[in-house]
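Trainee: Could you walk me through this one? I'd like to get at the aromatic rings and one of the sheets.

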Amino acid sequence: MSFIPIACLTVESNKKISMAVTKLKKPRVESWNGFVWFHVILRLRAEFSNLYSDIISKMSLYCAISNEVPEVPVVSPTSGAVFERRIIEKYIIENGVDPINGKELRVEDLIEIKTPPIVKPKPPSATSIPATLKSMQDEWDALMLHAFTQRQQLQTARQELSHALYQHDAACRVIARLTKEVTAAREALATLKPQAGIAAPQAPHPTEASAGSAGATGMSADVVSRLQERATALTQERKRRGRTLPEGLLAPEQIRAFLTLASHPGLHSASVPGILSLDINPSDHSKLLTGGNDRNATVFNKDTEQVVAILKGHTKKVTRVIYHPDEDTVITASPDHTIRVWNVPTSQTTAILRSHDGPVTGLSLHPTGDYVLSTSSDQHWAFSDIRTGQLLTKVSDFSGVSLTTAQFHPDGLIFGTGTENSQVKIWDLKEQSNVANFPGHVGPVTSISFSENGYYLATAAEDSCVKLWDLRKLKNFKTIQLEENYAIKELCFDQSGTYLAIAGTDVRVYLCRQWQELKVFNDHTASATGVRFGKNAQYLASTSMDRTLKLYGIE
């Protein structure tokens, strides 16, 4: 066979070769020689096809991206490379540069190459059964190799995912530990703030009063006279004031506009979460007093947002707290059977009252500021002198049930107590006798509160309702029924008797006389345990088992 130069081949010659090869017909096999010639012709046809493919490949242009012969070839003026038009156009739209040298390139800059059409020969593969089987075997081998590669990649991905999950778990543990350390550091910082640069003076040894009615010194004529004088003065002052509301008292519309102004979670320890009681200094409404599950009481200044004092001494949780109206003194009670009187500047106990043989459940300061009323699960109420630490009188309820709460009337001559068996009882302090009973609740009484004018008494128990009593007529005139299973922990009138606040499942404010609900606060994540109004209802404070003190008001 003579050699055909590549340069001599044109499109016409290519077509002739292809047509010549294609026109080779299978001869009639009449003898062994015919059979031999048939196989010779098939082999020559395959060689011509391979030769044709080599010639075409050497004559053709290749796309620099796909490495295939382009159907519509174009050349880049920046790199001189040949591309398939549809491929390079997509690349330029996405990237805007030449893929070879990275220089800026636009679709309009591409130069189209004029080439004759290429006639592709018929592939010579699968011309016999063995060739077909070989092709199928090759495809099967390729499929198995691909499946093996996929299994390897899957195993690698599983290992990487397992490692990532382990790292995530370790990171979560580190974050939890750091969060706990930050909380502890904040508590330590809050404890150190009051003592920064201040040397606390050495407090004198506190006076103590023993429990038991035998240790009571009795109410002397001088004590009774002081109680009466204070009651008379308060009554006259109330009559002189009449129904005039205090100047600066917020209107109901303003109460409805209250928002959460601040939330303070760092007043008590996070190890034993929960704030159980709350009071506000009547003479300085920027100071708040809280009692917690951590056995401490905390004095907090809301304006400076600093802890003023942490009062440590109780051996059990602090369930009742009172801020003295005229002095920087607080009183706390606990299930450890004691009542403690504290001096805030020194953070020291000035008196310990051991008036009860059981947990102290109720605490109320007399309007004179010299005496405190307490109740206990030992079925007694006690009246003690906070100046001397002496127990003046201790009276049994005679009903055989525990007392749960106590509150002085604004005049100070009568007071109310709640019992485990749903009773609300009114007592005469001077006579030390029970003068009225208010039945109607179901379950232990949890809180009672007298209105400022002394006419009304609000009571709550574990029956999800608040009852309002008229002390002049000695009857229930209004019942506020709340949702089923609503747990009421505390009631509180504001200083003018215009609003009533309820702390429990949430915090609510009602307008007195109309007894209309003004606002509901759902900010606490646990049950609210205490609620108090600031001066002229300018703000509202609440505490909760979620360890926070929250302040509400107008922005």
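This is a predicted model: local features need pLDDT of at least 70, side-chain atom pairs count only at pLDDT 80 or more; totals for chains, interfaces and linings use all residues.

Trainee: Then is Tyr456 buried or exposed?

Mentor: Its relative accessibility comes to 19%. The limit for buried is under 20%. So Tyr456 counts as buried.

Trainee: What kind of aromatic pair do Phe415 and Trp427 make?

Mentor: The whole structure has twelve aromatic pairs. For this one, the ring centres are 6.4 Å apart and the planes are at 5°. Planes under 30 degrees apart count as stacked, so Phe415 and Trp427 are stacked.

Trainee: Which parts does that pair tie together, and how many residues apart are they in sequence?

Mentor: Phe415 belongs to strand 19 (residues 414-419), while Trp427 belongs to strand 20 (residues 424-428). The pair therefore links parts whose separation in sequence is twelve residues.

Trainee: And how do the rings of Tyr455 and Tyr456 sit?

Mentor: Their centres are 6.5 Å apart, with the planes at 85°. Over 60 degrees counts as edge-to-face, so that's the label for this pair: edge-to-face.

Trainee: Which residue lies over the face of Tyr455?

Mentor: Tyr455 is partly exposed, at 37% relative accessibility. The residue over its face is 4.1 Å from the ring centre, and that's Arg472.

How values were computed. Residues are numbered from 1 along each chain as its sequence is written. Side-chain values use heavy atoms; hydrogens and water are left out. Rings of Phe, Tyr and Trp (its six-membered ring) pair if their centres lie within 6.5 Å; planes under 30 degrees apart count as stacked, over 60 as edge-to-face and the rest as tilted. Helices (H or I, at least four residues) and strands (E, at least two) are DSSP runs, numbered from the N terminus. Buried means under 20% relative accessible area, exposed over 50%, partly exposed in between (1.4 Å probe, protein chains only). A charge sits over a ring if NZ of Lys or CZ of Arg is within 6 Å of the ring centre and within 35 degrees of the ring normal.
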